[in-house]
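Colleague: I am new to this structure and would be grateful for a guided reading of it. May we proceed by question and answer?

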Amino acid sequence: MKIFIKNSKEIKKIYTSCQLAAKVLEMIKTYIIPGISTEEINNICHNYITKTQKAKSATLGYKGFPKSVCISINDVVCHGIPSKKEILKNGDIVNIDVTVLYNNYYGDTSKMFLVGNNVSKISKLLCLTAKKSLYKAINILKPGIRLYKIGQIIQKYVESKKFSVVKNYCGHGIGKNFHEDPQILHYKSYDYGIILRPGMVFTIEPMINIGNHDVYLTNDNWTVKTIDKTNSAQYEHTVLITDIGSKVLTIRKKEKIYF
Ligand code: MF3
Ligand code: CO
Ligand code: CO
């Protein structure tokens with residue numbers, strides 16, 4: 001395992017990419033309404049990234065992924081492929097995951113959107129719990145703490161709300177590579193002895209389910225769904241470990257982090 005410590009020049013570039021990704025999520029908000037297809041959402045994001053931002057989508061063509069963002073509705077856990085046939089409807093919950101490449105550095109972030117005015121109480125609570133689990137993990141970040149604490153705090157909080165944490169997918173180091181060491185688990189696991197250091201940059205991206213944590217890969221070889229068909233929610237930020245704590249590189253303008 002090789003964890004790259006980023007210098008200030010690299011951090012500046014990663015921050016720029018992260019802010020571009022965050023701005024895609026800000027921009028797309030008004031389009032998330034019943035009746036729009038996920039293909040249309042993808043195309044709006046694609047045009048914004050390439051034409052307005054002069055950046056590249058990191059997902060387009062990544063290991064053969066065919067679209068510019070991942071869009072995951074309801075029981076889709078992650079890596080949903082935008083499609084003309086997938087139409088948002090009143091009451092859906094949807095994750096949009098944006099990764100951009102700019103100046104040779106990556107930025108990666110995702111959030112949930114509620115579609116229309118009919119989202120169930122339990123799905124709203126699921127989304128809120130995913131967001132707060134991410135915020136609680138961000139809150140403990142500082143040099144000297146052990147990496148496994150991130151997963152421990154997320155799992156403890158999510159299970160206290162009677163939801164479950166997906167184990168098959170994790171966060172990741174990021175920088176000159178889309179995915180690099182270390183893996184960031186969202187549940188408590190063996191302590192590999194990794195200690196957070198200033199200059200580390202990684203994502204935290206908990207996926208949590210209403211029911212069981214088990215998931216499966218569908219036959220398009222990308223879309224991941226819950227086995228028990230219950231809804232799943234995810235929030236993702238790219239974070240930097242600083243000398244005194246952390247900085248959320250993908251923070252959005254109107255976003256307030258609270259614990
Ligand atoms: N953005 C995802 C992540 O958070 C990865 C998507 S890979 C894709 O790591 F190929 F599915 F787009
Ligand atoms: Co990621
Ligand atoms: Co992502």
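Modeller: Let us begin with a pair of strands: strand 6 and strand 10 (residues 207-209) run antiparallel and are joined by two bridges. Helices (H or I, at least four residues) and strands (E, at least two) are DSSP runs, numbered from the N terminus, and two strands pair if DSSP finds at least two bridges between them. This is a predicted model in which local features need pLDDT of at least 70 and side-chain atom pairs count only at pLDDT 80 or more, while totals for chains, interfaces and linings use all residues. Residues are numbered from 1 along each chain as its sequence is written, chains are lettered from A and ligands numbered from 1 in the order in which they are written, and side-chain values use heavy atoms, with hydrogens and water left out.

Colleague: Which residue of strand 10 stands opposite S164?

Modeller: Strand 6 and strand 10 are antiparallel partners. In strand 10, the residue opposite S164 is N209.

Colleague: What is the strand order of the open sheet of three strands?

Modeller: The pairing in this open sheet is antiparallel. Its edge strands, each pairing on one side only, are strand 6 (164-165) and strand 13. The order is 6-10-13.

Colleague: Is Q234 buried or exposed?

Modeller: Q234 belongs to strand 13 (residues 232-234). A polar atom of its side chain lies 3.0 Å from the backbone oxygen of E205. Buried means under 20% relative accessible area, exposed over 50%, and partly exposed in between (1.4 Å probe, protein chains only). Because its relative accessibility is 2%, Q234 counts as buried.

Colleague: How many residues of strand 4 are buried?

Modeller: Strand 4 spans residues 93-102, ten residues, and is mostly covered. Strand 2 (residues 70-73) pairs with strand 4 in the antiparallel sense over four bridges, and there C70 stands opposite D97. Strand 1 (residues 56-57) also pairs with strand 4 in the antiparallel sense, over two bridges. The number of buried residues in strand 4 is eight.

Colleague: Which residue of strand 5 is the bridge partner of V98?

Modeller: Strand 4 and strand 5 (residues 105-114) pair in the antiparallel sense over ten bridges. Their hairpin has two residues between the strands, and N103 takes a positive phi near 55° there. In strand 5, the bridge partner of V98 is T109.

Colleague: Which residue coordinates both the cobalt ion (ligand 2) and the cobalt ion (ligand 3)?

Modeller: The two ions are 3.3 Å apart. The residue that coordinates both is D108.

Colleague: What percentage of the exposed area of ligand 1 does the protein bury?

Modeller: The residues around ligand 1 number 14, a residue being near if one of its heavy atoms lies within 4 Å; the closest are T59, H172, H179, E205 and E236. Polar contacts (pairs of N or O atoms within 3.5 Å; within protein, one must be able to donate a hydrogen and the other to accept it, and residues adjacent in sequence count only if both atoms are side-chain atoms) include a side-chain N or O atom of E205 at 2.8 Å from an oxygen atom of ligand 1. Taken alone, ligand 1 exposes 340 Å², with accessible areas from the Shrake-Rupley method with a 1.4 Å probe, where for residues only the protein chains shown count as cover. Of that area, the protein buries 97%.

Conventions
Donors = N, O, S within 2.8 Å, 3.2 Å for Na, K, Ca; no water.
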